[in-house]
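Reader: I have the structure open and would like to go through parts of it with you. Could we start at the end of one of the helices?

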Amino acid sequence: MSDIMLEIKDLRVNYGGIAAVQGASLKIERGSIVTLIGANGAGKSSIIRSVAGLNTHVQGDILYSRKKGDAPESIRGLRPENMVRRGISLSPEGRRILPHLTVEENLMLGAYTRSDKAEIAKDKELVYQLFPRLKERSWQKGGTLSGGEQQMLAVGRALMIRPNLIMLDEPSLGLAPLLVREIFSIIKRIHESGVTVLLVEQNAYAALNVADYAYILEVGKITLEGTGKELLSNPQVRAAYLGG
C-alpha cells in the first residue's frame, strides 16, 4: 500500500491573465524521487513555488502528510515559514544565496525556524560532509563562489531545516557536465538518507535516470506520467526531451 506524502489536486496558478498551471494533479510517495520534466515556461517552477507557499493565489488543493501514518492536511495558502516548519524546503532556481554573507552564515539562515542548537550544529557538519568544498570555504562570501559551489550552498541551506521533503528547482542549470554528475550523485545521497525529493529539471536524461516516478508538463498541463525507466524508453519523450 502506497504512502503518499504530498498530493496536488487540480492545481491552477495564474499570473494576471496568464494561466501558468492548468489543473495539474500529482502524487509523491514518501521516500521517493519524483521529477517534473518540461520546457521553459511549462509551469514546473510554479508548481513547486505553490508547494513552498510562494504562490498564494492558487486554486485546487495541496495535501501533505508530515509523518507516516499522519492524516494528510491541506497546506494550500500557508506562508513559506509555515511550510518550512512542516519540513518542506526549497532550493530555488538561480540559487538565491546571499552574496555578502559567508558560506556558514548562508547555511545558518536555512535553520532560522529551529532552536535546537546542538542538532543544528550536527546538521551543519552533515552538510559539510556532503559538500567538502563548502567546509573549505566556510569563511568565504557567498558571492565569491563558483556557480557549482553556489548551487551546493543552495542545496546545503535547504537541508539545514532537516526536511522531510526537499524540492530542487533546476539544480544542474548552467553547470559543466562534470559538476552536473556531481550534483546528481549528491541528490541520490540525500535521497538515501531518507529525504523525499521533488526535482524540477531540464536535463531530462539525468533526472529520469534517478527518478522513481516522473511527470511530463506541457503548457501548464501534465500530459504523461510513469516511472523514470518507462519514460526514458517512451518514444514520445525521447523525441521531445532526449534528442531522439
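Author: This is a predicted model, and a place to begin is Gly 194, which follows H7 and has a positive phi, near 105°.

Reader: And H7 itself, how many residues does it have, and what does it reach from its first C-alpha to its last?

Author: H7 has 16 residues and reaches 23 Å from the first C-alpha to the last, which is close to the 22 Å expected at 1.5 Å a residue.

Reader: Which residues of H7 are buried?

Author: The buried residues of H7 are Leu 179, Val 180, Ile 183, Phe 184, Ile 186, Ile 187 and Ile 190. They cover an arc of only 155° around the axis, and so they sit on the same side of H7. On the other side of the helix, Pro 177, Leu 178, Arg 181 and Glu 192 are exposed.

Reader: Let me switch to H4. What span should its residues have, and how far apart are its end C-alpha atoms?

Author: H4 has 14 residues, which should span 20 Å at 1.5 Å a residue, and its end C-alpha atoms are 20 Å apart, which agrees.

Reader: Which of its residues are buried, and what covers them?

Author: In H4 the buried residues are Ile 120, Asp 123, Lys 124, Val 127, Tyr 128 and Leu 130. Seen down the axis of H4, they fall within an arc of 160°, so they line one face of the helix. The cover over these buried residues includes helix H3 (103-109), helix H5 (132-136), H6 and H7, while on the other side of H4, Ala 118 and Gln 129 are exposed.

Reader: Where is Met 160, and is it buried or exposed?

Author: Met 160 is found in the loop between helix H6 (147-159) and strand E7 (165-169), and it is buried, because its relative accessible area is 0%. Leaving out residues up to four places away in sequence, Met 160 touches Leu 107, Met 108, Gly 110, Ala 111, Arg 114, Ile 120, Asp 123, Lys 124 and Val 127.

Reader: What about Gln 151, buried or exposed?

Author: Gln 151 lies in helix H6 and counts as buried, because its relative accessibility is 1%, and buried here means under 20%. Apart from neighbours within four places in sequence, Gln 151 is in contact with Ser 91, Arg 95, Glu 170, Pro 171, Leu 175 and Ile 183.

Reader: On to pockets. What volume does the largest one have, and how many residues line it?

Author: The largest pocket has a volume of about 540 Å³ and is lined by 21 residues, of which Leu 54, Val 84, Leu 90, Pro 92 and Arg 157 lie nearest its centre. The elements giving two or more residues to that lining are helix H1 (44-51), helix H2 (80-85), strand E6 (88-91), H6 and E7. By type, the lining of the largest pocket divides into 13 nonpolar, three polar and five charged residues.

Reader: And the second largest pocket, which elements line it?

Author: The second largest pocket holds about 340 Å³ of space, and the elements that give two or more residues to its lining are helix H4 (117-130) and helix H7 (177-192). H4 provides the largest share, five residues. The lining residues include Asp 123, Val 127 and Leu 130, along with Arg 189 and Ile 190. Altogether the lining of the second largest pocket divides into seven nonpolar, two polar and three charged residues.

Methods
Residues numbered from 1 in each chain as written. Predicted model: local features only at pLDDT ≥ 70, side-chain atom pairs only at ≥ 80, totals over all residues. Heavy atoms only, no water. Helix = DSSP H or I, 4+ residues; strand = E, 2+ residues; numbered from the N terminus. Buried < 20%, exposed > 50% of the residue type's maximum accessible area, 1.4 Å probe, protein only. Contact = heavy atoms within 4.5 Å. 1 Å grid on protein atoms, 1.4 Å probe; cavity = no way out; pocket = protein on both sides within 12 Å on 5 of 7 lines; lining within 4 Å. Points joined across faces, edges and corners; volume = space filled by probe spheres on them. Nonpolar A, V, L, I, M, F, W, Y, C, P; charged D, E, K, R; others polar. Expected span 1.5 Å × (residues − 1). Arc of directions from axis to C-beta.
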